[in-house]
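Please study the structure displayed here. The paragraphs that follow lead through it step by step.

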Amino acid sequence: MTATTKQYSGASRLIHWVMAILVIGMIPIGFLMVQQGLSRSLQNFLFISHKNIGVLLLILVFVRLFNRWRNPPNLEPVEMAPIQAFAAHMTHIALYGLLLIMPLAGYIRVRAGGFPIESLDAMGIPALVPRSEALAEAAKAVHFYGSYAIAGVLLMHIGAACFHALVLKDGVMSRMWPPFGKRT
């Protein structure tokens, strides 16, 4: 049996923080890109960035899940009330679910709508869904409502991390921070 650690592995922390930065950046880009009154060139830049970062995030979700499967964390237990532990567990499940659903819904919306995804097109990867306005509209709705859901769950996650770091001072936040460096 291996000894418990105080932090996630360096790879886990790096993937977490890269994804955190990308997701936090995607939310305002996603809301801004659909606003009226933007210059066409800015709007195009935002759409292209959002689509291609979404592809990167989907890949990173699978890398993260694979990393977690191959290297499950072996962390020292932290005492929490059962409801708090349940909330933490459900928040993580919601985050992982939304991190899968959002790029997939975005992909389906774009491809079913007949639009390009420049990074995939450059690699010669064909659309994996048929062109269909009904499918594009359904995926657009999932992506739209999912954007509010992921923003809310992300705020809960950040709030909980801050609560652990600033109020409880129980070491939970330090497990994932800093994103680089040796384990403590």
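Is Met-90 buried, partly exposed or exposed? Met-90 counts as partly exposed because its relative accessibility is 37%, where buried means under 20% relative accessible area, exposed over 50%, and partly exposed in between (1.4 Å probe, protein chains only). The model is a predicted one, in which local features need pLDDT of at least 70 and side-chain atom pairs count only at pLDDT 80 or more, while totals for chains, interfaces and linings use all residues. Residues are numbered from 1 along each chain as its sequence is written, and side-chain values use heavy atoms, with hydrogens and water left out.

Met-90 belongs to helix H3, residues 82–112; helices are DSSP runs (H or I, at least four residues) numbered from the N terminus. Just after H3, Gly-114 adopts a positive phi of about 85°.

Helix H2 covers residues 40–70 and contains Arg-64. Arg-64 is buried, because its relative accessible area is 15%. It touches Ile-15, His-16, Met-19 and Tyr-96, not counting residues up to four places away in sequence; contact means heavy atoms within 4.5 Å. Ile-15 is 49 residues from Arg-64 along the chain, yet their C-alpha atoms are separated by 6.5 Å. His-50 also has its place in helix H2 and is buried, with a relative accessible area of 12%. Apart from neighbours within four places in sequence, the contacts of His-50 include Met-26, Gly-30 and His-143.

The next topic is the aromatic rings. A pair of aromatic rings is described by the distance of the centres and the angle of the planes. Rings of Phe, Tyr and Trp (its six-membered ring) pair if their centres lie within 6.5 Å; planes under 30 degrees apart count as stacked, over 60 as edge-to-face and the rest as tilted. By this rule there are five aromatic pairs. Phe-144 and Tyr-145 have ring centres 5.0 Å apart and planes at 80°, so this pair is edge-to-face. Phe-144 and Tyr-148 are likewise edge-to-face, at 5.3 Å centre to centre and 75° between the planes. Both Phe-144 and Tyr-148 lie in helix H5, four residues apart, about one turn of the helix. Together, Phe-31, Phe-144, Tyr-145 and Tyr-148 form one aromatic cluster.

Conventions. Helix = DSSP H or I, 4+ residues; strand = E, 2+ residues; numbered from the N terminus.
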